[in-house]
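Please look over the sequence and the structure shown here.

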Amino acid sequence: MPAGFLTALFVAFAAALPVIAAGQVLDWNAEWVPSLGIGFAVRLDGLSLAFALLVTGIGALVMLYAASYFRTDARLGRLLVLLSLFAASMLGLVLADDVITFFLFWEGTTITSFLLVGFDHEKSSARRAALQALMITSIGGLALLAGLVLMATTTGSWRFSQINAGGELLQASAAYPAILVLVALGALTKSAQMPFHFWLPNAMAAPTPVSAYLHSATMVKAGVFLLARLSPSLGGSDLWLWLLVPSGAATMLIGSVWALRQTDLKLMLAFTTLMALGQIVMLLGLGTVAAVTAAMVMLLAHALYKAALFLAVGMIDKGAGTREYPELGGLARAMPVTFTAIALAALSMAGVAPFLGFVAKELVYDGSLHAPWAIAVVSAVLLSNALMVAAAAMVSLRPLRGALRAPKASPRDPGWTLAAGPMLLAGAGLICGLMPAAIGQHLVGPMVEAVTGAPMSGDLGLWHGFNVALLLSVATWGLGALLYGRLDAIRDALAAAQGRLPRFEGWYDAMMVVIVQGSKAVTARIQSGRMTAYLAMSFATLAALLWVAVLSGEAAWPALPRLALMEVAILVTIFASIAAVLRARSRLAAITALGGVGAGVAMIFTLYGAIDVAMTQLFVEILVVIFIAVAFVGLPMGERPRFRPGHAGIALALGLGVTLTMLSVLGTDMDRRLTDFFEAASYEEAHGRNIVNVILVDFRGFDTLGEIAVLVIAGIATIAALRAGRTTRRT
Amino acid sequence: MTVLRKLWFAALLAVRFLFDLTMSSIAVARVVLSPRAQVRPRFVSIPLASRSPLEVTLVANYITLTPGTLTVDVSTDARTLLIHDLSAGDDSASSRAGVTEGIEPRVLKVTR
Amino acid sequence: MSDWFAALLLVSGGFFCLVAGIGVLRLGDVYCRMHAATKAGTMGLALVALAMMVRADSLVAMVEPFAVFLFMIATAPVGAHLIGRAALRSASPVVPETSADEGCEAFDIPAKQSSES
Amino acid sequence: MIAVSVGVLVAAGSYLMMSGRLLPYLFGLVLLSNAGNLAIFGSGRLTYARPPLVPEGAQALELANALPQALILTAIVIGFGLMSYTLALSLRSWQETGTTRMDEMRLAEPEERG
Amino acid sequence: MIVIETAGGGIFALALNLTAAMLALALLAAIWRLIVGPTGPDRVVALDMVAMLLVVFLLVFAMATATYAYVYAAIALALIAFLSTVAFAHYIERTMDKSDE
Amino acid sequence: MNSLILTTMTRLLVPLILALAIFILLRGHNAPGGGFIGGLLGAIAFALIEKAQGLAAARKALRFEPMTVAGLGLGAALLAGLWGGLAEGDFLRGMWPFYAPVPEGGMTGWPIGSVLLFDIGVCLVVLGSVTGILFALEETVSEAKETGKDASWK
Amino acid sequence: MLLVWPVAVPMGAAVLTLLAARSVRAQRVLSLAGALALLAAGTVLLVTVLREGPQAAQMGGWAAPYGITMVADLFSAALVFATGLMAVLTIFHGLVRPGDTGEHFGHHPLTQSLLLGICGAFLTGDLFNLYVWFEVMLIASFGLLVVGGRREQFDAAVKYAGLNLVATLTFLTGVGLLYGAAGTLNMADLHLTLAGRSGETAVLGAAMLLLFAFGAKAALFPVFFWLPASYHTLSITTSALFAALMTKVGVYALIRVFTLVYDAGEPPIASLLLWGGVLSMVVGVLGAAAQMEIRRILAFHSVSQIGYMVLGLALHTGLGLAGAIYYLFHHIVVKSNLFLIAGAVRDRTGSEDLRTIGGLWKRSPGLSILFLVSALSLAGLPPFTGFWAKLLVLRASLDAERYVAAFAVLAVGLLTLFSMTKIWNEAFWKPHPGDARRRFSSRLALIPVALLAAITLAAGVVAEPFIDAATEAAAQIVDPARYLQAVGVTRELSP
Ligand code: NA
Ligand code: NA
């Protein structure tokens, strides 16, 4: 079903080839969030069309393959759903013209990839790999988001097409370096470039069809796609060069060298994928038309042969029972279809004519020769390509030739539903290689034009005469054969070196340790579970806030009041009672002293005309005493807490802060508007002489309504607290 | 007839009470303000003739507000009062007499 | 004249309140302090209320201070009784001169002559 | 005068609360409650002995500010409700956890093992 | 030096001030007893005393400021103030808390 | 608390306190007092019964479940608010159905209406909640004492 | 009366459920009916405000600033609507999820009271009245904390109450001082009265007290302790309701007071808010990373996400405010749903401790997908609402050139994703380490979960109306002219 749908889409996209090749661009926009200027915009140009073809074509084949591969597995449905979601995300990603639309699908691929990598979720290794892939690509994703938003706000547009049109503007802006770094971070993590590359081999925990689709043909190329997409506006600068070329080159070399170290065929393929991605990124970094052309062809060629190889390795796994090539041998005769597919794909990978891989390699040399840092670049490319030749030989020759060896007793080809995909993909590599001009004209040309804005230089072809590129090809094959001949020695040397080389994964592990341990340490300190610490922190914060106000504001301080003797007596009463509360050793001493405070406060209310308040205060005081006297029968005082100077300091700072703030309030002029109104309206309009009561039940009756609600709720809450657990546990 | 009689006794009781209160306050003042406090307190138990709760209560409260004595407790059968006499020394008899021959009859005249 | 009278009542009321205060401060045990608080305090209140009644210009203004006094003499002895009982039951210490007669065993107080101490 | 009282109440209240024992916390809460009420009262400015009652006949003059009084009434009653709950909670949590030290109540946030 | 501000003048105002001063002293004495105890019942007696002084103060203050409304507060307080004493007494009896020294 | 004196005086004082509570509630609009203070006084009366004669007697004296009283009070206050709201469009507007201005100035009739209903609601809430809390506290503490669950009980 | 119903309805429901204390069934019916009526009232209010702009009502007919004014601008009205919606969903959840405390004394009246306090707080235009509704909410939450009566609930309640009481007293004092300095309590009137006075110690000091109080209510660094200490001890239903609304009231108050009464752009307040927000984001997410129980993780995330909202406020731009508002609504939906899902997880695995559970992706794919939707939304991935929320705050930070804040937005987003993945890995992917027997589980209880998940997806996909509404709400706040007009205090009044 999904395969059929993707096939139909593939055909539809293929039908668009001539239109696009003729230089047209198809746009479709829908409003999405106009208030932010964000639309749901898609755009079909050469670049997106090529990617769309890969996504739908390879997708259809992979789906078909997966349906067969998981035929007996109950999880097939889930797998297909996830693959379909991924395909949709990937398609959306390559078609998007709107920055946010693009990001939506970008993150869509991240999440579906996470779920697919962790498909064998009962294995902890799969879960770990999924998490790693997610974390690393999400770091990039978040950086990308920042970069995209900055880019959009700098240029005033959320459309790639418009941003690209005003590329110079962007490069001239102050935000350009930040934007470029952020976007590159997104691209490099997604496309597994040094130093983020390690997640890709680890992601081989995914089922084989997933690896073939996501980790060779499509998702890992999303970063490349992004760089290509934005190279008109972001590319061409020194920073661009310095960011992409070293990273790409390093990834290329690391991938190609470590590919030889692997014994698991799938893992080996993963490292060769790193090599190819590195090469493509490097070429995009170089940025010349020739380099970009090379990158585009390499991208297509790699997608075809690598997907084929992954799928074929899956066939070996199914047919022979393992992917560990030391345990395999002589499968060519037992599994002829598989052998054919692997052989075809490997030839393309080795860059042998007339496969598309050859075309690509020629172009790569050509592009490298006419770029900055030519000598270094060409040497690196030569070395890694030679290593690729050795790897291709390894994957095609080691398991297939020699005496038959396999864990399964009688290895044989799985059925055609599994074979169809790899055969078609590998075959396509050959066919495309045989008709380079057509590919160049219909596919690569528009791609290059979309990326560079300039038409492709020259045609694609198998034969460009005897030139340096051809010489380098021959050198590649020779060197590759030499390396393959000494393969075991190289592997031993690599094995010996491995322990001494720095682990790139180290920073990730360190980051995770920092997150987990650091968060524990920070949390243990802040959310310590100790209430005294919580309270001390709260009061200290409050004190600090008040002192900020006291020190930064300006105030007119009120004059000192003249106190009558009665007022002094009341103050002494209050202060003495407070002191008694502080030093009380027994419950009764403390409560009675609190009563003293309450009485003093009530006297203040009395002195200044608040009869209702004083009465309420006293009555409440009596009730509180009654409650406390009941409750304290069952609640001990505990030993006396020792003196804590720190707490005392906080308390003093807070008390002083409050006093100063209050004094500053008293230093302002009182606005008696409300009071005057209440005095005037109390009897005349609200028919009551007790203004306080009239405020309570009329002017501000709404307060009182809420307040009695508080009291009812307090009753319920208190009773609930008293009954909770008590009644249930007793019965 | 009886009501009027009772009212009369009640009025007499009230007057007598005010007098007693004044006297007792002055007595307390004397004790409190004398340079060397002369207290020789004694717990005295007093058997009552009163029977109803109201009578006992009135007697007890009266005692508290009158010179030198303070009702501390009532026995569980409500027939004996424990009072605290501020300056009785070793002599229980006079405080006991003050109640059984002074206060209690006056109260009972009102209640019975 | 009535001003003078009221002033006199008032000041004597204050005096008895002060006496109550000093008594509470000076006397040696909780029972003795209660004597001061209850009697002198009530007296002080009564006198102040009386002063107010003397100065009253209406019946209501006379009745209300009297009600204050009435409520006070109704409740003060009850409070005193309860504190005394609580003190008794929690075996509050008494001044050494305190004696007790033979009837008090029922209240957990051993008979004791003051001379013995 | 009020400002100083409020400050002293706040200092003593917060110090008691920081002790992390149930009862001192409760006492501190009562003190802080009083501080809050006094702060409102003082903020409305003090008018000596003129209760906000509209006299019969004559036009009212310079009565005490009634609004803060109404607010404090509300606050007192609310504070009473909160106090009751806190009291009940203290009682029950002592019964359930067996300690009056808040720092030793670690059922909801237990010490991490290892 | 005034003790409380009074509405009127003359001998009665003087008496009011004198009374208020004595009340204040009595209050301080009671507070002192409240603080030092030593026993629970002592503190309760002191608090009871404070309540009574409050009632008296309300009456005096009503006269001093010619604000009759304060008498209502005095009436209510006189009627119910002893309740906290009741509660304390109950508490002491229930706990027999001799640690309350 | 099992004191004859207290019990007897309670019988005398409780009606007095309740009468005072009602008086203060009704008069609160023009003199110190009102719903809060009335309610507090009422609650104190029941607290006194509880102290003197025990929980059962106090519950019996109150007749209703305390929180029901509180709920009814809150309902009354809410209705007082809705009265004005539904009649005049202003929630909590004072409604005086028996009280009207006379042409020559002043007012005539009975000053009762939604405001009084509101104040009664306030009073009931205070009364119900406070007694509810007190009763529940008393229950909990007595039970802890009986079961010896409470470690402070020696 | 339009504004009164959202308060009168839950109050009436609280009264009725209280009076029906003897019948659990009657309480349940009344409670759900009350929630539905509240939702209806909220809907009517929201529609009216959308159509006609801010609405006001003078309580008792006393004009502002003398009486108490209730006001609903778009922000308030939408919050009331959201409250009604969450009430219906959580109460329904409580009815169908067996054993969720509904039978205990007080649960239903307290829930209704909580709604009462929340709606009152959202709608009042008076600062002291706001305090009253805060108290209603607070004491109701106190009650709900202990309903059920498990031991750890009491511990949690002590911490929750212990810290919130401090905050509430601070609030009270702040209101008192502000009244002393300004002579009025009506917030619109305060806006006019305080104009140009922000340098005075009196005004600033009151601001600090309010900042502390609302910050603590919102669970802002460094006064958030109460939240992670308590939320995980509640019943599932109640924790979802709390997670949806409690802290939001604090954020609402911060936004309201620090735009209308004070100006969040003034120097000390602006930087305090900014750093409070950023540190909350960081400390909260670190706390989440350290936890191993689902609801404790979620609770810490609340702290972090409150930080986002406060950051949006602190940026003091229309966009930042729109971001804060959008974030707030997003968080209501998503966080409450995750709490409900935590309950579903517990039902199906017997625990919330990630160390002891697992196997849900295999056994309960439906629940897994619902979790995934909410978790990804929380982590800020498109096309869910969380993405737009994050995007708005991010863009506002970048526009305001607050690069540290922008970095925090992104880094914290990553860590949020990390914790969500942790839950996913442990509870859903990992095989159940112990006895994986099926425990009780109610499919009906997943209805609200599915609905909320659908909301965060649908509102993320069809984002425009919501972002537009957030922008409009922010605009009404940034320029309060229509608010002031509705309240009835005008600029001419001020000297
Ligand atoms: Na009120
Ligand atoms: Na929350």
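Helix 2 of chain E gives the largest share of the lining of the second largest cavity, 5 residues. This cavity has a volume of about 190 Å³. It is lined by 16 residues, among them A:Glu621, A:Ile622, E:Leu47, E:Ala51 and E:Ser84, the closest to its centre. A cavity is a set of points on a 1 Å grid over the protein atoms alone where a 1.4 Å probe fits but cannot get out, and lining residues have an atom within 4 Å of a point. A volume is the space filled by probe spheres set on the points, which are joined across faces, edges and corners.

The model is predicted; local features need pLDDT of at least 70, side-chain atom pairs count only at pLDDT 80 or more, and totals for chains, interfaces and linings use all residues. Residues are numbered from 1 along each chain as its sequence is written, chains are lettered from A and ligands numbered from 1 in the order written, and side-chain values use heavy atoms, without hydrogens and water.

The largest cavity has a volume of about 270 Å³. Helix 3 of chain D supplies the largest share of its lining, 6 residues.

G:Ala243 and G:Thr247 are separated by about one helical turn because they are 4 residues apart in helix 10 (residues 236-261) of chain G. Helices are DSSP runs (H or I, at least four residues), numbered from the N terminus.

Note on methods: Helix = DSSP H or I, 4+ residues; strand = E, 2+ residues; numbered from the N terminus. 1 Å grid on protein atoms, 1.4 Å probe; cavity = no way out; pocket = protein on both sides within 12 Å on 5 of 7 lines; lining within 4 Å.
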